[in-house]
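Biologist: I would like to learn how to read a protein model. Could you take me through one, feature by feature?

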Amino acid sequence: MATTNRVTFHDVDIFALPAREVVTRMREHTTIEADQDDPASFIAPDLLLSFWRPFEADDDPDEEQGYYFTTVLLARPGYYDTPAEAEERLRRNS
């Protein structure tokens with residue numbers, strides 16, 4: 001019997017829904033923006049989440065690896081900090 005793992009956020013099934021729909025539905029709950037370095041990826045900085053797919057293929061469901069997200073990153077606080085923000089965080093925590 002095969003086991004399927006699901007990743008959901010507020011009933012948004014991250015891997016089962018098309019990437020475009022995930023982004024639209026996530027925006028109902030938080031800020032989510034395109035990654036400046038990778039147009040196929042998105043970042044929800046307030047949640048420390050990043051959503052990735054190998055390439056952008058929003059309108060072609062036959063291109064599953066681009067139509068759906070394949071990876072989600074859950075980061076620790078500070079992951080998205082600039083060097084100046086990281087230095088300030090270290091100074092505050094010292």
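Modeller: We will go from the overall fold to the strands, and then to the aromatic rings.

Modeller: This is a predicted model, in which local features need pLDDT of at least 70, side-chain atom pairs count only at pLDDT 80 or more, and totals for chains, interfaces and linings use all residues. Residues are numbered from 1 along each chain as its sequence is written, and side-chain values use heavy atoms, with hydrogens and water left out.

Biologist: What does the secondary structure of the protein come to?

Modeller: Helices (H or I, at least four residues) and strands (E, at least two) are DSSP runs, numbered from the N terminus. Here there are three helices and six strands, and along the sequence they follow the pattern β-β-α-β-β-β-α-β-α. The C-alpha atoms fill a box of roughly 50 × 30 × 25 Å along the principal axes.

Biologist: How many of the residues count as buried?

Modeller: Buried means under 20% relative accessible area, exposed means over 50%, and partly exposed is in between, using a 1.4 Å probe and protein chains only. Of the 94 residues, 31% count as buried. Strand 4 is mostly covered, with five of its seven residues buried.

Biologist: Which strands does strand 4 pair with, and in what sense?

Modeller: Two strands pair if DSSP finds at least two bridges between them. Strand 3 (residues 33-35) pairs with strand 4 in the antiparallel sense over three bridges, and a hairpin joins the two through two residues. Across that pairing, aspartate 35 stands opposite aspartate 38. Strand 4 also runs antiparallel to strand 5, again with three bridges. The hairpin of strand 4 and strand 5 has four residues between the strands, and leucine 48 there takes a positive phi near 60 degrees.

Biologist: Which residue is the bridge partner of phenylalanine 42 in strand 5?

Modeller: That partner is phenylalanine 51.

Biologist: Now the rings, please. How many aromatic pairs does the structure hold?

Modeller: Rings of Phe, Tyr and Trp (its six-membered ring) pair if their centres lie within 6.5 Å; planes under 30 degrees apart count as stacked, over 60 as edge-to-face and the rest as tilted. The structure holds three such pairs. In one of them, phenylalanine 42 and phenylalanine 69 have ring centres 6.1 Å apart and planes at 80 degrees, so the pair is edge-to-face. Phenylalanine 42 lies in strand 4 (residues 38-44) and phenylalanine 69 in the loop between helix 2 (64-67) and strand 6 (71-74), so the pair ties together parts 27 residues apart in sequence.

Biologist: Are phenylalanine 42 and phenylalanine 69 buried or exposed?

Modeller: Phenylalanine 42 counts as buried because its relative accessibility is 12%, and phenylalanine 69 is buried at 2%. Phenylalanine 69 also pairs with phenylalanine 51: the ring centres are 5.5 Å apart and the planes at 45 degrees, so this pair is tilted. It links phenylalanine 51 in strand 5 (residues 49-52) to phenylalanine 69, 18 residues away.
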